[in-house]
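Notebook open, model loaded. I want to jot down what I looked up, one topic at a time.

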Amino acid sequence: SYEKAQVVEVTKDNLAEDGNRYGEQNVILKMNSGSLKGQEVEAVSPSGTLFGATCKPGMSVIAIVSVTGDNHVVTVYSQDRSMAMYVFAIFFAIVVCLIGGWKGVKAVLSLIFAVVSIFGLLFPMVYKGYSPIMVTILICVVATIFTMLMISGWTKKTLSAIIGTTCGVTAAGVSALVFGHFAGITGYNVSDIETLNYVAQYTPIQIGGLLFAGIIISALGAVMDVGMSMSSAIQEIFEANPEVGKKKLFMSGIHVGRDMMGTMTNTLILAYVGGSMTTLIINYAYNLSYNQLMNSYNIGIEVMQGLAGSLGVVLTVPITALVSVELIYRKSSQQA
């Protein structure tokens, strides 16, 4: 089990004369949770980059505890980062609420709803064998509806933003599937495939759709932003000049959307590049040839993710503009 503990004493350090650490530290931990709670136990802290920690007295850590009968083995897993995460999340929420006011509060609630939907609905349903792509689209639609209603209420502007966002993320998923088909990339080409295959031996999880489901989720934020911004801009243009023609209103929305496309497509591409920075640096360091680099699965997946998400953003612009204009003029003609 993984339990909370506090470092009481470092009985043997692993700091060498050259300033580096080798081997492991021997420490005394006071256990704060689990079956050994309240006890002081001996433990080791490996000097690894992914596991272990550079322990100091008073430091909070997470310990791996293995108990067999009256015997136990305790190893430091990592520094306890939970408090830092909570504080940072609270700070983020406070800043959003202070700057955004009541809409900032709604934005935070929408984010919480999306996270709960992913962990509380998406993952359990995928784990039970439901199609990852279909479930992801469903969750994205639900999250979009909740977010849009929280921000703008039930209006024609909200409806057009919901329709545009739904079409945009669906387009991102479909384009990724088409690209994957012709490029020979499936959900079985990901780096964690061995672990996923092991999980699939004992569960009905559909591995093949996970990659494309991830692309849909990744594109949702940017597509939602474009959808709401487009519908709001078109609504504002119409209210400022109700005499504007239908075609001119549509083209005005397209012009606004073109400015947004340049930044939003960059946002997705740069986000994927940033997330794969270590892999790209390794490829650069080994000076891989063009043919090897362009035909590797890692690069192919990154290209597919970036371009499919960006295509979803681009297609959201005309779809949202068209829906917004149609709803506005339908409302105007009914009032007349």
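This is a predicted model: local features need pLDDT of at least 70, side-chain atom pairs count only at pLDDT 80 or more; totals for chains, interfaces and linings use all residues.

**Helix packing**

I started with H5 and H6, which are roughly antiparallel to each other, because angles over 145 degrees count as roughly antiparallel, under 35 as roughly parallel, 65 to 115 as roughly perpendicular and the rest as oblique. The angle I got for helix H5 (residues 210-240) against H6 is about 155°, and their axes lie 10 Å apart. Axes here are lines fitted to C-alpha atoms, for helices over the stretch in contact, and angles run from 0 to 180 degrees between N-to-C directions. Helices (H or I, at least four residues) and strands (E, at least two) are DSSP runs numbered from the N terminus.

Next I checked helix H2 (residues 132-152) against H5: they pack at about 20°, with axes 10 Å apart. That pair is therefore roughly parallel. For handedness, H5 passes H6 in a right-handed crossing, and H2 passes H5 in a right-handed crossing. (Left-handed means the near helix is turned anticlockwise from the far one by less than a right angle; right-handed means clockwise.)

Residues are numbered from 1 along each chain as its sequence is written, and side-chain values use heavy atoms, with hydrogens and water left out.

**Salt bridges**

How many salt bridges does a search of the whole structure find? I got 3, taking a salt bridge as a side-chain nitrogen of Lys or Arg within 4 Å of a carboxyl oxygen of Asp or Glu.

One of them joins lysine 4 and aspartate 80, at 3.0 Å from N to O. This pair links distant parts of the chain, with lysine 4 in strand S1 (residues 2-12) and aspartate 80 in the loop between strand S5 (71-79) and H1, 76 residues apart. I then looked up exposure, where buried means under 20% relative accessible area, exposed over 50% and partly exposed in between (1.4 Å probe, protein chains only). Lysine 4 is partly exposed at 37%, whereas aspartate 80 counts as buried at 19%.

Aspartate 13 pairs with arginine 21, and their closest N and O atoms are 2.6 Å apart. I have aspartate 13 as partly exposed at 41% and arginine 21 as partly exposed at 27%.

Lysine 246 bridges to glutamate 326, with 3.1 Å between the closest N and O atoms. Lysine 246 is in helix H6 (residues 246-275) and glutamate 326 in helix H9 (residues 297-335), so this bridge ties together parts 80 residues apart in sequence. Lysine 246 is partly exposed at 37%, and glutamate 326 is partly exposed at 32%.

**Surface patch**

Which residues form a nonpolar patch on the surface? My list reads Met83, Met85, Tyr86, Val87, Phe88, Ile90, Phe91, Ile94, Val95, Leu98 and Ile99, together with about 1300 Å² of accessible area. I picked valine 95 to look up; it is in helix H1 (residues 82-127) and is partly exposed at 31%.

**A valine in a strand**

Is valine 27 buried or exposed? It counts as buried, at 1% relative accessibility, and it is found in strand S2 (residues 24-31).

Technical notes. Patches are made of residues with over 30% relative accessible area and no salt bridge: like charges are joined within 9 Å, nonpolar side chains (Val, Leu, Ile, Met, Phe, Trp, Tyr) within 5 Å. Accessible areas come from the Shrake-Rupley method with a 1.4 Å probe; for residues, only the protein chains shown count as cover.
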